[in-house]
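This report describes the secondary structure, sheets and helix packing of the model shown below.

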2 protein chains.
Amino acid sequence: MSLLVTGSIGIDTVETPFGKRDDVLGGSAVYFSYAASFFTSVRLVGVVGEDWPKPLLDVFDGRDVDASGLEVRQGSKTFRWHGSYLKDMNEAVTVEVDLNVLAERAPRIPDHFSDSRYVFLANTHPVLQQEMLCCLKQPKLIVADTMNLWIQTERNELVKLLQKIHGLVLNDGEARLLTGKKNLIQAARDVLRLGPQFVVIKKGEHGCLMCMEEDTFVLPAFPAERVVDPTGAGDSFAGGMMGYLATQGSFSPATIKRALAFGTVVASFTIADFTLGGLRATTRDQIDERWLEFKQAMSF
Amino acid sequence: MSLLVTGSIGIDTVETPFGKRDDVLGGSAVYFSYAASFFTSVRLVGVVGEDWPKPLLDVFDGRDVDASGLEVRQGSKTFRWHGSYLKDMNEAVTVEVDLNVLAERAPRIPDHFSDSRYVFLANTHPVLQQEMLCCLKQPKLIVADTMNLWIQTERNELVKLLQKIHGLVLNDGEARLLTGKKNLIQAARDVLRLGPQFVVIKKGEHGCLMCMEEDTFVLPAFPAERVVDPTGAGDSFAGGMMGYLATQGSFSPATIKRALAFGTVVASFTIADFTLGGLRATTRDQIDERWLEFKQAMSF
């Protein structure tokens, strides 16, 4: 089933102890789309500026990603992010960020995408996230991401959004900020009371936890010996998770758990190289193989 | 099979957001012994001062713990620790510590304990840890803990110890300090090259990982909604792990994995109350039940 994603598309400059890459492809929707395309066909919606170097999206050539939802907006400039992991591989320091076109109006969801059943709203202003939902005829599963900025400045709108989605993905710091609870299980339970049927809290190198009404699921990260560039790990995780869910008929706890394990495994390929290099060097067979290895590495 | 433990026995004062407890029973060997006694008979070796309030060890009444290895040393004072978790439930701030008798010579292992097959050397000076090994006739499994102090000041002796033991348990910060590797899998592999057949890295609320020559195992912590006092969690973890191992004939990867899950579960009971309150309110049946629940909470 087709999976729609809306989120950022940008140009990154990234520094890690393994080197530096200038002006490479980045953005939440890009990592998400590539990761999800291992599982299902993806519909990408996003906006870039007139300075957009068209060849950058060649990365999707031969992949099941429909980028016809990409708007190249004249008179605007593309989102740019410069991050450094030189101090800490687990947390990027933003050296420079130019929101550019991301600070303007949201991209439109094309009419031919309005029948999408599976939807991932990557992080953006919660009002825009809600607006995008209006364009969808019969969504079956809607999951959103968010960030500390909106929790602090747009809490009311975020709370409204939470009543309209099935699942929320956020990181540990954001979960604590949103709920005021330090304990992540308590934080997750509080999020559930705000509306979603499930919440996934990402803990970076420490894995993730998922809460549903009567189920709690914890998962460590894949034990990776070589981490070259963590950029896009969280988006790849979400992409792998949603990509797998879109191939399944139900969203039972068991299905979501398998999906989280797929997300974890896909993210482990992302971080093994700069930008999308890790994902591009990966096949679905390798993902399935590592998924089994992961299952094995934590079974007792 | 009998499990010998040597480690600290002391009097703690602990502050957490849930309250304060003054002059309560504490120490690594105490938590370890109680935790391990759910599984096997325990032989406790340690030393306290002449100020020792004898009733404190009544906690072991009715439990399978042989405390005849407890030396009450005249002219010395008992180890005391005052810790606070008011700032961060994941890391104790030491308000005050008086090593007292722990800064003197180690306790002797009584002759009637010298046939112990399973041994846990809780954290102390690595020269003392090696000396204690000499008293054992035919140990089958020796596991040690250590701390940053010895890694920094007694590295050579610690390296010698590592050649004499089967397993090492340490926390993430200590593993990084010992090996200079930030990545914990790499750090674990480096520890293995120093001698032990397996290494367990404790990550507090983030669980643990275990490495053997051809096996890597990762385990999240038990998803606990209520953490009252984390004191003794690591020692309870080790106690549960070693207690279970002492009941098993082999130390196959599968056995060690099950043992780590038992350690994780026992620790989750410890942190639910102050001092040994959590463990004292627990039965072996409850441990087995939660072990299954834990297995379920991470299976996919």
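Which strands does helix H5 (residues 172-179) of chain A lie across, and at about what angle does H5 run to E10(A)?

## Basis of the description

This is a predicted model, in which local features need pLDDT of at least 70 and side-chain atom pairs count only at pLDDT 80 or more, while totals for chains, interfaces and linings use all residues. Residues are numbered from 1 along each chain as its sequence is written, chains are lettered from A and ligands numbered from 1 in the order in which they are written, and side-chain values use heavy atoms, with hydrogens and water left out.

## Helices across the sheet of chain A

Helix H5 of chain A lies across E10 and strand E11 (198-202), and its direction is at about 110° to E10(A). Helix H8 (residues 253-270) of chain A lies across E11, strand E12 (208-212) and E13, running at about 20° to E13(A). Contact means heavy atoms within 4.5 Å. Axes are lines fitted to C-alpha atoms, for helices over the stretch in contact, and angles run from 0 to 180 degrees between N-to-C directions. Helices (H or I, at least four residues) and strands (E, at least two) are DSSP runs, numbered from the N terminus.

## The nine-stranded sheet of chain A

Nine strands of chain A form an open sheet with mixed pairing, in the order E5-E4-E1-E8-E9-E10-E11-E12-E13. Strand E5 (65-73) and strand E13 (215-219) are at the edges with a single partner strand each, so one side of each has no neighbour in the sheet. From one strand to the next, the twist averages 15°.

Within chain A, strand E9 (residues 141-145) and strand E10 (residues 167-171) run parallel and are joined by three bridges. Opposite Val143(A) stands Gly167(A) in E10(A). Two strands are taken to pair if DSSP finds at least two bridges between them.

## Overall form of chain A

Chain A has ten helices and 13 strands. Its radius of gyration is 18 Å, close to the 19 Å that the globule rule gives for 300 residues, so chain A is as compact as a globular protein of that length. The radius is taken over C-alpha atoms, and the globule rule is 2.2 Å times the number of residues to the power 0.38. Along the principal axes, the C-alpha atoms of chain A fill a box of roughly 50 × 40 × 35 Å.

## Packing of H1 and H7 in chain A

Two packed helices are described by the angle between their axes and the distance between the axes. Helix H1 (residues 28-36) and helix H7 (residues 233-246) of chain A pack at about 40°, with their axes 7 Å apart. H1(A) and H7(A) are therefore oblique to each other; angles under 35 degrees count as roughly parallel, over 145 as roughly antiparallel, 65 to 115 as roughly perpendicular and the rest as oblique. The crossing of H1(A) and H7(A) is right-handed, a crossing being right-handed if the near helix is turned clockwise from the far one by less than a right angle, and left-handed if anticlockwise.

In H1(A), Ser28(A), Tyr31(A), Phe32(A), Ala35(A) and Ala36(A) take part; they meet residues of H7(A) including Asp235(A), Gly239(A) and Met242(A). The residues of this contact comprise six nonpolar, five polar and one charged. Here Ala, Val, Leu, Ile, Met, Phe, Trp, Tyr, Cys and Pro count as nonpolar, Asp, Glu, Lys and Arg as charged, and the others, Gly among them, as polar.

## Packing of H7 and H8 in chain B

In chain B, the axes of H7 and helix H8 (residues 253-270) come within 7 Å and cross at roughly 140°. H7(B) and H8(B) are therefore oblique to each other, and H7(B) passes H8(B) in a right-handed crossing. Among the residues in contact are Phe237(B), Met241(B) and Tyr244(B) of H7(B), and Leu260(B), Phe262(B) and Val266(B) of H8(B). The contact residues divide into eleven nonpolar, six polar and one charged.

## The four-stranded sheet of chain B

An open sheet of four strands in chain B has the order E3-E2-E6-E7 and mixed pairing. E3 and strand E7 (93-98) are the edge strands, each pairing on one side only. Strand E2 (residues 10-16) and strand E6 (residues 79-84) of chain B pair in the parallel sense over six bridges, and Gly83(B) in E6(B) is the bridge partner of Val14(B).

## Positive phi values

Asp23(B) lies in strand E3 (residues 19-26) of chain B and has a positive phi, near 50°, although the residue is other than glycine. Thr275(A), which is not a glycine either, has a positive phi of about 40°; Thr275(A) lies in the loop between H8 and helix H9 (277-280) of chain A.
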